[in-house]
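Here is a short note for a colleague who has not looked at this structure before. Please read the points in order, with the model open.

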Amino acid sequence: MRKVAGISRWLHLIYLGNLLWAPIFDPATDWVDWALVAVVAVAFVPMYVLAWLRPDRVRWWCLVPTVVLGALATPFNAGAAVLFVYAGAFAGLAESRRVAMRWFVGLTALICVFGVVSVVEMPYRLWALLPSLIFLWVIGIVQVEWSERDREGSELRIRTARIEHLATLAERERIARDLHDLLGHTLTAIILRAQLVAADPARAQEEAAEIERTARAALGEIRDAVTGWRSASLDTELEAARTALASLGVEVVVRRDPELVIVGSTEHELALALREAVTNVARHANARTCHIGVEARDGELRLVIADDGIGGHAAEGNGLTGMRERIAALGGLVGRTATAGTTVTIAVPLKVAT
């Protein structure tokens, strides 16, 4: 296609043949008329080539010089009015539609001026100007359409590249958050069970089997996270939270509205947020009880994790930062209070969650 376009651009120079009509058919032709044709052709062709090679320089390097050249040559050779057609094509190539139309109007006025002069001095020249007046608009408007299509195509390619870049960054962030949540939760569970083995050797076989099960499950979840296939269940995470905290001697109280039907994407993010919050309770809280609630209130679905431990004044880490990013993507908020333990409140609009 590019080769064909390049050939067609050279073929468009055939319209410079309009310069030959005057010296061929005018009986008063002398060498000066032929010299004018040669000068116009030699001066214009480099500007024509430059217009396609450097579209950013068309206005001052091609468009304006072509108009000046046409205005100087047309009084002596009416065929030189074809340069105004080329100028219209340049305007369509380099300018916006509105600016190009202004150029077309200006070039039309310039041709009309030469037409009026021709009526007074050489009426036959009017017929040489008329085709240029018509083709100025036809070719100019076609060039505007093609240029706008090319610009839109370029902008589309740029937008597509940006979207692909942002999608890549989002996927990297997703994998990073998922791996953080998975590894943080799993390694915490393994460490705690290893501590139980050290404290009570009689439970070694039972806890070793549980550690193996946890590690195998984590390995499968990590593979799913990397490939994007993993979808966490809120009910599964509630049960896992109950089991993990109970093994540490933490009493877990769960309140879940059984009538709430949560969409899969929201449930996945809430489940991972619950996992992160429970991991923090297990690591830092040293709590005796933990209350977990899932309910609808004031147009929001709220997931609340409250403990009576000592971790409330600890600085926020990457886990809570990732949790806020997940929930913010759903249009929700994450709140954290530190009075009498720690309470993490995750609120998502019901219209998104259910």
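Which residues do ring pairs link into a cluster?

1. The cluster. Phe44, Tyr86 and Phe90 are the residues joined by ring pairs. Keep in mind that this is a predicted model. A search of the whole structure gives 3 aromatic pairs. One of them is Phe44 with Tyr86, a tilted pair with 4.6 Å from centre to centre and 50° between the planes. Phe44 sits in helix α3 (residues 31–53) and Tyr86 in helix α5 (residues 82–94), so this pair ties together parts 42 residues apart in sequence.

2. A second ring pair. Phe104 and Trp137 have ring centres 5.5 Å apart and planes at 65°, so they count as edge-to-face. Phe104 belongs to helix α6 (residues 97–121) and Trp137 to helix α7 (residues 126–199). The two residues are 33 apart, and their pair links distant parts of the chain. Phe104 is buried, at 0% relative accessible area. Trp137 is partly exposed, at 28%.

3. The largest core. How many residues does the largest nonpolar core have? It has 33 residues. Those with the most contacts inside it include Phe44, Tyr86 and Phe90, the residues of the ring cluster. Leu16, Val58, Leu63 and Leu83 are also among them. Helices α3, α4 (58–73), α5, α6 and α7 each supply at least two residues. Helix α5 gives the most, with 8 residues.

4. Around Tyr86. Which residues touch Tyr86, leaving aside its neighbours within four places in sequence? They are His12, Leu13, Ile14, Tyr15, Leu16, Phe44 and Tyr48.

5. Around Trp52. Trp52 lies in helix α3. Trp52 is partly exposed, at 22% relative accessible area. Leaving aside its neighbours within four places in sequence, Trp52 is in contact with Arg9, Leu93 and Gln143. Trp52 and Leu93 are 41 residues apart in sequence, yet their C-alpha atoms are 8.8 Å apart in space.

6. A nonpolar patch. What lies on the surface as a nonpolar patch? Leu130, Ile134, Phe135, Val138, Val142 and Trp146 form it. Together they have about 540 Å² of accessible area. Val142, one of these residues, is found in helix α7. Val142 is partly exposed, at 34% relative accessible area.

7. Salt bridges. Side chains of opposite charge can pair when their charged atoms come close. How many salt bridges does the structure hold? It holds 8. In one of them, the side chains of Glu295 and Arg297 meet at 2.4 Å, N to O. Glu295 is partly exposed, at 29% relative accessibility. Arg297 is also partly exposed, at 39%.

8. Arg302 forms a salt bridge with Asp298, with the closest N and O atoms 3.6 Å apart. Arg302 also forms one with Glu300, where the closest N and O atoms are 3.2 Å apart. Asp298 is exposed, at 67% relative accessibility. Glu300 is partly exposed, at 27%. Shared partners join Asp298, Glu300 and Arg302 into one network of salt bridges.

9. The chain as a whole. The protein chain has 12 helices and 5 strands. Of its 354 residues, 36% count as buried. Take the contacts with a separation of 6 or more: residues 24 or more positions apart account for 69% of them. The protein chain exposes about 20100 Å², and carbon and sulfur atoms supply 64% of that area.

Definitions and conventions: Residues numbered from 1 in each chain as written. Predicted model: local features only at pLDDT ≥ 70, side-chain atom pairs only at ≥ 80, totals over all residues. Heavy atoms only, no water. Phe/Tyr/Trp six-rings, centres within 6.5 Å; stacked < 30°, edge-to-face > 60°. Helix = DSSP H or I, 4+ residues; strand = E, 2+ residues; numbered from the N terminus. Buried < 20%, exposed > 50% of the residue type's maximum accessible area, 1.4 Å probe, protein only. Core = buried A, V, L, I, M, F, W, Y, C linked by side-chain atoms within 4.5 Å. Contact = heavy atoms within 4.5 Å. Patch = residues over 30% accessible without salt bridge, like charges linked within 9 Å, V, L, I, M, F, W, Y side chains within 5 Å. Areas by Shrake-Rupley, 256 points an atom, 1.4 Å probe, with all protein chains shown as cover. Salt bridge = Lys/Arg side-chain N within 4 Å of Asp/Glu carboxyl O.
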